[in-house]
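Keep the 3D view open as you read.

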Amino acid sequence: MKSILRQSILLSLILGSSSAFVSPASTSSTCNTANAKPPSTAHRFDKPRFVQGASPSIGRNGLPLFAKKKKDPTAGKSGKIQVKLLKHIAGTGSAGDVIMVAPAFFANKLQKTGSAVKITDEEVQKGNAEKAENEADAKALANDLKEKFAEIALDMPRKVGPDGKLFGGISYKC
């Protein structure tokens, strides 16, 4: 008797009956599962989970499952990208260096810390041209200063010994 009562209670819960208690006399009328109606609330999985007309290998967002990621167009043949370091990184380079690094290393370490930026070949060529121009200007300035210093004669009177050698050393107090 108790087992029939338990079964009827479970059936009423499953079928969504309004009363949770079913008397043993009424078990025969409620146990008829052929006339049972599904619960009134729609289940959240009633709709198909993939895109209409797509094969089952298509994921939820309409993208193929296990698809390879698209390659970075700025990456070279080896899969590495060119970056310019903004800070000194131990074991990698110093500020201003243009180096090739793996895209994951750039994204996970260099970009997050603001230590580097991506750079294109054109930007590298512009940077090299500016660097060469600055070096030429610095060399011209150094040559001008060299000529000016060559014209200057500097005499400092000091006591010397009989051999013509200085006593002691020259200090800032002269």
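A nonpolar core here is a set of buried Ala, Val, Leu, Ile, Met, Phe, Trp, Tyr and Cys residues joined through side-chain atoms within 4.5 Å, where buried means under 20% relative accessible area. Keep in mind that this is a predicted model.

With that in hand, look for the largest nonpolar core, which has 9 residues: Ile81, Val83, Leu85, Ile89, Ile99, Val101, Phe106, Leu110 and Ala116. Strand 1, strand 2 and helix 3 (103-113) each supply at least two residues of this core, and strand 1 gives the largest share, with 3 residues. In soluble globular proteins, nonpolar side chains tend to be buried together.

Now turn to the two strands. Strand 1 (residues 81-85) and strand 2 run antiparallel and are joined by 4 bridges; in one of these pairings, Val83 has Ile99 of strand 2 as its bridge partner. Strand 2 (residues 98-101) has two faces: Ile99 and Val101 are on the covered one, whereas Val98 and Met100 are on the uncovered one. Ile99 and Val101 are also members of the core.

Ala116 is another core member to click on. Leaving aside residues up to four places away in sequence, Ala116 touches Val83, Lys84, Leu85, Leu86, Phe106, Leu110 and Gln111.

Finally, where is the largest pocket? Its lining includes Lys84, Val98, Ile119 and Lys131, and its volume is about 200 Å³. Helix 4 (residues 121-151) gives the most to this lining, with 5 residues. By type, the lining residues divide into 3 nonpolar, 3 polar and 4 charged.

Methods:
Residues numbered from 1 in each chain as written. Predicted model: local features only at pLDDT ≥ 70, side-chain atom pairs only at ≥ 80, totals over all residues. Heavy atoms only, no water. 1 Å grid on protein atoms, 1.4 Å probe; cavity = no way out; pocket = protein on both sides within 12 Å on 5 of 7 lines; lining within 4 Å. Points joined across faces, edges and corners; volume = space filled by probe spheres on them. Nonpolar A, V, L, I, M, F, W, Y, C, P; charged D, E, K, R; others polar. Buried < 20%, exposed > 50% of the residue type's maximum accessible area, 1.4 Å probe, protein only. Pairing = 2+ DSSP bridges. Contact = heavy atoms within 4.5 Å.
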